[in-house]
Amino acid sequence: MEIRQIKEEYPLELLLLADPSEKFIKQYLERGECYIGEVDGEIVGVFVLLPTRPETVELVNIAVIEQHQGKGFGKALVMNAVNKAKEQGYNVMEVGTGNSSIDQLALYQKCGFRIIGVDIDFFSGRYNEEIIENGILCVDKIRLAQIL
Ligand code: COA
């Protein structure tokens, strides 16, 4: 997989897999860096890095197209994001996910992130529709971080 930064023609459909709000996506694309992963010229994944505080960067969106999920691309993208942030001199990388996102919680912990907190009710009423995954209503944001 080839990973490169893009500054236009963002893969919106792919970004919407990780965040159902076009409004929020637009907001963080303005302030963050968007990277795509390609295989044979086809976009298979995306991630966005957003500087939040001095020396801290947040992975705010990561997604792999459905037909290529479960093949290791997600993990490769997360590890690439971590390495990029290190190279850019950040000291901490953060990521957040829903309490119902069991697979994502597994992925991030396998990539070195530790749970550092919970934003209670962060997702309650944030989107127009309820999000249910693994039979669990998404209401809280689990915050994870790793020292780079
Ligand atoms: N329990 C244990 N491990 C699990 C797991 C579970 N329930 N679900 C996934 N994993 C592990 C995999 O086994 C793999 O680890 P391994 O290599 O040690 O086996 C790792 O997590 C990731 O697998 P990978 O194939 O790299 O993930 P992916 O390419 O499917 O990408 C997402 C992961 C989340 C990016 C992808 O599924 C996606 O785009 N989902 C929709 C968008 C989204 O939810 N984005 C995140 C928002 S917080």
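Biologist: Which element gives the largest share of the shell around the ligand?

Modeller: This is a predicted model, in which local features need pLDDT of at least 70 and side-chain atom pairs count only at pLDDT 80 or more, while totals for chains, interfaces and linings use all residues. Residues are numbered from 1 along each chain as its sequence is written, and side-chain values use heavy atoms, leaving out hydrogens and water. With helices (H or I, at least four residues) and strands (E, at least two) taken as DSSP runs numbered from the N terminus, the largest share of the shell, 6 residues, comes from α4.

Biologist: How many charged residues does the shell around the ligand have?

Modeller: The ligand is surrounded by 20 residues, each with a heavy atom within 4 Å of it. Ala, Val, Leu, Ile, Met, Phe, Trp, Tyr, Cys and Pro count as nonpolar, Asp, Glu, Lys and Arg as charged, and the others, Gly among them, as polar. By these classes the shell has 9 nonpolar and 7 polar residues, and its charged residues number 4.

Biologist: Which residue has a polar side-chain atom 2.6 Å from an oxygen atom of the ligand?

Modeller: A polar contact here is a pair of N or O atoms within 3.5 Å. A backbone N or O atom of Ile62 lies 2.7 Å from a nitrogen atom of the ligand, and a polar backbone atom of Val64 is 2.7 Å from a ligand oxygen. The side-chain atom 2.6 Å from a ligand oxygen belongs to Gln104.

Biologist: What share of the ligand's exposed area does the protein bury?

Modeller: Accessible areas come from the Shrake-Rupley method with a 1.4 Å probe. Taken alone the ligand exposes 970 Å², and the share buried by the protein is 70%.

Biologist: Which residue in the turn between β2 and β3 has a positive phi?

Modeller: Strands β2 (residues 33-39) and β3 (residues 42-53) pair in the antiparallel sense over 7 bridges, where pairing requires at least two DSSP bridges. They form a hairpin with 2 residues between them, and the turn residue with a positive phi, about 50°, is Asp40.

Key
A polar contact is a pair of N or O atoms within 3.5 Å; within protein, one must be able to donate a hydrogen and the other to accept it, and residues adjacent in sequence count only if both atoms are side-chain atoms.
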